[in-house]
Amino acid sequence: MTPSLASQPKQTADLKVLIIEDDPNVRLGCEQAMQLAGIPVQAVASAEAGQRLVGPDFPGVVVTDMRLPGMDGMQLLRALIAQDAALPVIMITGHGDVTLAVEAMRSGAYDFIPKPFSPEHLVEVVRRALEKRALTMEVESLRRRLDHRDAIETRLIGRSPQMEKVRRLLLEIADTSVDVLIVGETGSGKEMVARCLHDLSSRSKANYVALNCGGLPDNLIDSELFGHEAGAFTGAQKRRIGKIEHANGGTLFLDEVESMPMAVQIKLLRVLQERMVERLGSNALIPVACRVVAATKEDLRELADRQKFRADLYYRLNVARVELPPLRERREDIPLLLEHFMLHAAQVHQRAIPEIERDQMQQLMAHDWPGNVRELRNAAECLVLGLRRDFGATPSPEARGASLAEAVENFERSLIAAELRRQNGNLARSSEALQIAKTTLHDKIRKYGLAG
């Protein structure tokens with residue numbers, strides 16, 4: 001019985017095989033052998049077409065004929081190995097091509113299969129190559145996560161459980177090809193998250209392309225995304241590469257995706273499903289291998305229910321979801337963020353970092369921060385420049401609806417978190433500053449989950 005995809009080892013089930021063979025009969029036979037074995041497969045007829053589909057850390061293996069029109073298999077092998085030395089490339093050689101096969105192995109080929117060959121032999125070699133590829137990618141992904149753990153903590157700042165959860169999620173999904181939807185209020189750091197996803201992935205050396213869907217007129221966003229050929233419309237004097245095509249191999253960030261016109265949403269959905277883009281005024285389909293990261297401050301599910309956003313596009317984007325908490329829900333991060341932003345502003349403006357008085361910090365901790373982290377950054381710059389701002393304690397919607405006991409607990413938690421930060425976590429100095437017993441402070445730290 002032929003093994004199904006479900007019976008494959010978990011680490012190889014998500015990988016695929018790219019077949020490059022100009023003979024249509026052989027190509028079809030190889031493709032069918034993979035399909036019957038439950039292995040995802042894509043087949044093309046030329047080395048040039050195959051090379052466009054293989055980016056850095058290609059999630060699979062390549063099987064290519066040695067003799068191809070245009071670029072031959074040996075040239076393709078050298079190009080692929082130069083791009084990714086760990087990529088398993090299996091060469092199909094003709095009768096009497098022993099010398100070429102030896103040369104291919106010396107050049108970095110994983111294995112070679114002489115013609116004629118049985119489907120079973122092809123599947124066996126491919127399975128071994130997939131297992132090797134899965135292990136290599138898993139080790140590389142782990143290494144990146146370890147290498148970048150400190151880096152992400154310096155960019156997504158905060159010791160709150162909410163931000164720790166966000167960072168853990170980003171480290172898990174950054175080095176995958178899954179599309180991501182980032183949800184958060186204005187100023188909560190959605191673009192920073194998108195940038196981290198790109199920089200922490202194997203796509204970091206390719207383009208990071210950002211487009212604000214709400215910042216362009218409806219008649220321009222189509223051309224910006226998909227590009228156009230010369231003469232496609234009035235004013236199109238020359239060919240223009242669109243954002244999607246420019247992001248090939250990298251990351252496309254679509255901010256305020258809820259503002260995208262319905263007609264453009266339909267075309268974007270097609271690109272996400274087929275990974276092909278068609279420039280305006282052209283009939284040619286261009287393969288693209290970019291990751292799409294979309295950001296919104298709205299509830300796209302609700303918009304879809306109200307027919308104001310396409311439900312199918314929402315479900316296609318919402319594969320991996322990152323929810324950013326508003327600043328008012330992680331007030332213990334305010335002192336650390338404030339210090340970071342003041343340090344940056346002091347360097348830019350060549351000013352000293354001001355001392356924040358207790359009453360000032362209490363106002364900052366109690367402020368509602370409707371503009372979130374962006375508003376706090378502006379406040380830090382004002383403080384460095386000596387521009388006094390009044391942060392009168394305006395209760396948040398949550399606080400207005402809370403009981404007196406809940407409001408007191410929330411404020412107490414914020415004050416303790418702020419003082420711990422000021423004292424670098426020193427329990428004795430914090431208890432002295434807050435004028436409470438050390439044992440009482442220890443109990444409250446445990447109660448509010450502020451330990452560590």
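Start at Asn372, which is buried (under 20% relative accessible area, 1.4 Å probe, protein chains only), with a relative accessible area of 1%. Exposed means over 50%, and partly exposed lies in between. Asn372 sits in helix H16. Helices (H or I, at least four residues) and strands (E, at least two) are DSSP runs, numbered from the N terminus. Asn372 is not a glycine, yet its phi is positive, about 60 degrees. Most residues other than glycine have a negative phi, and most peptide bonds are trans.

Before moving on, note that this is a predicted model, in which local features need pLDDT of at least 70, side-chain atom pairs count only at pLDDT 80 or more, and totals for chains, interfaces and linings use all residues. Residues are numbered from 1 along each chain as its sequence is written, and side-chain values use heavy atoms, with hydrogens and water left out.

**Glu256.** Select the loop between strand S8 (251-255) and helix H11 (262-274) to find Glu256. Its phi is near 50 degrees, again positive in a residue other than glycine. Glu256 is partly exposed, at 25% relative accessible area.

**Pro116.** Next, go to the loop between strand S5 (111-114) and H6, where Pro116 lies. The peptide bond from Lys115 to Pro116 is cis, with omega near -10 degrees.

**Helix H2.** Now select residues 24-36, the 13 residues of H2. Which residues of H2 are buried? They are Arg27, Cys30, Ala33 and Met34. Look down the axis of H2: these residues fall within an arc of 130 degrees, so they line one face of the helix. The arc is taken from the directions from the helix axis to the C-beta atoms. The face turned away from the buried side carries the exposed residues Asn25 and Leu36. At the start of H2, a side-chain oxygen of Asp23 comes to within 2.9 Å of the backbone nitrogen of Asn25. Just after H2, Gly38 has a positive phi of about 75 degrees.

**Ile90.** Select strand S4 (residues 89-93), which holds Ile90. Ile90 counts as buried, at 0% relative accessibility.

Key. Expected span 1.5 Å × (residues − 1). Polar contact = N/O pair within 3.5 Å; in protein donor to acceptor, adjacent residues only side chain to side chain.
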